[in-house]
Amino acid sequence: MPRKGMRSVCFSPKISSSFFSPPSPLRIGFSPSHPSISDSVMDRTLEIAEPVIVKWDPETTTFARVTSLFYENRREAREFIKTVYNLQKAMHFIVKENSGSEKLVRAQNLMQIAMKRLQKEFYQILSMNRAHLDPESVSTRSSRTSTGSSTSYNEDEDDDDVIRVADESISEVEDASISAMADLKLIAECMISSGYAKECLKIYKIIRKSIVDEGIYKLGVEKLTSSQIHKMDWESVELRIKNWLNAVRTAVKTLFNGERILSDHVFASSDSIRESCFAEITRDGATLLFAFPENVAKHSKKWPEKVFRVLDMYAGISNYWPEIDSIFSFESTIPIKSHALTSLVKLGEFVRAALHDFESAIQKDSTKLPVAGAGNHSLTIDAMEYLTNLADYSSILSDILADSPPQTKKLMPESYFGFSDTEESPAPAISLKMAWLILVLLCKLDTKAKYYKDVSLAYLFLANNLQYVVVKVQTSNLRYILGDEWLTNHKAKIKQFAANYERLGWGHVIDSLSSVNPTAEDAPPEKVKETFKKFNASFEQAYRKQAVCVVPDNKLRDYIKVSIARKIIILYREFYNAHRQKMVGERNSAVVVRYAPEDVGHHLSDLFFGNIESGSSSSFSSPSPSHSQPRRSAD
């Protein structure tokens, strides 16, 4: 080891004066013929220090080369540290009294031997206790604030005693971790106060940085350039995102947190040293971790289906932001936090762009073929699946959308929202965005309804699809985003669509009975016969046309069937009961009075399952056990 000159005597060790008290001149019997006080102090210190230090000189004995001082006898290690402090204090004292003393050279040689020994011990403790000093073990310590003041050197306090009085429930691994941390702190403080901070930090940084870098590698975080990500297919990118999502929690809560705790503890005596140490150890690993989401957001195509993984990454940073902010609180680690913040910004931009593309995709949907049976359109199903999944990220989306509220809200009708949106009480940005996207979808569905030649089917199509939207909202987090009033307004619209369908699809059946007073007993037989025939024709025509229709939602299906039945069956039963006997003597009376009220009910009960062949005179049985097979009178 190269000579350090007199650097050690220029440091004031941060220990109390009780560590070394120079003898009183009266006790030494000072006189011009006697050695000076400083010489006497140095002679006594050298006499005590030399055998203690030389014993552990790795250059002179095989024992010292192969044996660890702190592992062999921690009490003797404590005495070694105490001796070094006393030697340092004596050197500091004599340089003031007699800076040209030859004893300083001898003392400096001993100090170099001691520092070389402590370097070796520092390295061995860091290397041999990798398992006990792994970030997971270290991070189990209660807090960084408590470690900074623990286990400092004091001649009246034995480290072994301190550890023994610790909580007896501490596991063996934790106990070993605390012991190693205490030893490292003792050595670091001794070397730093002796002017050997550079040698101490070099060993610490090399070993601990390798642990952090290895931890990041084992967590599956790869070093990928922007161009590499840009060239990857989405499946490959998604696999790496999954690895990153699994890694970020462990990296923040365990890896970086453990390193911060360890560096705060070992270098508690110097704020600047612990800051520079932690920053250099974690810089590369943290930068690699937090730069990945930014690269994905900047160099991946903004396809709507990718937004969920991007939201996961946003959550991965934002959920642990308090820990990130606390762990990397040093000024020198600001660039690391800047990487994390930049990633959040870029991920937010990706999400907003993806939502814009989703909106454009709805508006550009060009399918013109009507859905068979006026059922649910695939666009409705896909769009609502997407929106309900988005709603699961409502807290994250609220943060992202709050920065840039939708510019389209002023274009929306005031009656549409169903919630307050005024300058005094503005609606949340996420509520506005979701309401707008659903409105875009409903407007596109309104356009598609125009492709039905039969207007009644257009209204049934709108009722079906709006019902699907409402149910999806009601059974997902969208309910809390849009509110109950939104649901109430749109349920009313479903009923309006259903009423229009009934009027256009079944109104002529009801009208066929209006030419005769249902209960008028004096109605002419010919008029009654004509009314029966009109009802038969109109009912069969409506039934054949509506038999292919489907209403996928059970509640809406029952609502429409009950509504139609009430309007038709009640009126027909009154007419049937009042005039059926008049047709008994008529020729082909069975053809004229073709349906009993129960037959009409059976036919209606089997509608809207979409499995009745058009023009068939029979239907499949209803899934409800209360419904019987539909019957028709014989011709």
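## Helix Packing and Buried Residues

Trainee: At what angle do helix H19 (residues 394-402) and helix H21 (residues 429-449) pack?
Mentor: The model is predicted: local features need pLDDT of at least 70, side-chain atom pairs count only at pLDDT 80 or more, and totals for chains, interfaces and linings use all residues. Residues are numbered from 1 along each chain as its sequence is written, and side-chain values use heavy atoms, leaving out hydrogens and water. The axes of H19 and H21 are 8 Å apart, and the helices pack at an angle of about 95°.

Trainee: Is H19 roughly parallel or roughly perpendicular to H21?
Mentor: Axes are lines fitted to C-alpha atoms, for helices over the stretch in contact, and angles run from 0 to 180 degrees between N-to-C directions. Under 35 degrees counts as roughly parallel, over 145 as roughly antiparallel, 65 to 115 as roughly perpendicular, and the rest as oblique. H19 and H21 pack at about 95°, so their relation is roughly perpendicular.

Trainee: Which residues of H21 make the contact with H19?
Mentor: Contact means heavy atoms within 4.5 Å. H19 brings Ser-394, Leu-397, Ser-398, Leu-401 and Ala-402. H21 brings Ala-429, Ile-430, Lys-433 and Met-434.

Trainee: How many charged residues does the contact of H19 with H21 have?
Mentor: Nonpolar covers Ala, Val, Leu, Ile, Met, Phe, Trp, Tyr, Cys and Pro; charged covers Asp, Glu, Lys and Arg; polar covers the others, Gly among them. In the H19 and H21 contact, 6 residues are nonpolar and 2 are polar. The charged count is 1.

Trainee: At what angle do H15 (residues 307-318) and H18 (residues 378-391) cross?
Mentor: The axes of these helices come within 11 Å. H15 and H18 are roughly parallel to each other. They cross at roughly 5°.

Trainee: How many nonpolar residues are in the contact of H15 with H18?
Mentor: Val-307, Phe-308 and Leu-311 in H15 meet Tyr-386, Asn-389 and Leu-390 in H18. This contact has no charged residues and 1 polar residue. The nonpolar count is 5.

Trainee: How many helices does the whole protein have?
Mentor: Helices (H or I, at least four residues) and strands (E, at least two) are DSSP runs, numbered from the N terminus. The protein has 0 strands. Its helix count is 28.

Trainee: What share of the 635 residues counts as buried?
Mentor: Buried means under 20% relative accessible area, exposed means over 50%, and partly exposed lies in between (1.4 Å probe, protein chains only). Among contacts between residues at least 6 apart in sequence, 81% join residues at least 24 apart. The buried share of the residues is 49%.

Trainee: Is Cys-277 buried or exposed?
Mentor: Cys-200 is buried, at 0% relative accessibility. Cys-277 also has a relative accessibility of 0%. Cys-277 therefore counts as buried.

Trainee: How far apart are the C-alpha atoms of Ile-125 and Met-181?
Mentor: Ile-125 lies in helix H6 (residues 103-128), and Met-181 lies in helix H10 (residues 172-193). Ile-125 is buried at 6%, and Met-181 is buried at 0%. Along the chain they are 56 residues apart. Their C-alpha atoms are separated by 8.9 Å.

Trainee: Which residues does Ile-125 touch, not counting those up to four places away in sequence?
Mentor: Ile-125 belongs to H6. Its partners are Phe-70, Leu-133, Ala-180, Asp-183, Leu-184 and Ile-187.

Trainee: What is phi of Ala-374 near?
Mentor: Most residues other than glycine have a negative phi. Ala-374 sits in the loop between helix H17 (334-364) and H18, and is buried at 1% relative accessibility. Its phi is positive, near 60°.

Trainee: What is phi of Phe-608 near?
Mentor: Phe-608 sits in the segment after helix H28 (597-605). Phe-608 is buried, at 1%. Its phi is also positive, near 70°.

Trainee: Is Thr-475 buried or exposed?
Mentor: Thr-475 is in the loop between helix H22 (455-474) and helix H23 (478-482). Its C-alpha is 9.0 Å from that of Thr-388. At 62% relative accessibility, Thr-475 counts as exposed.
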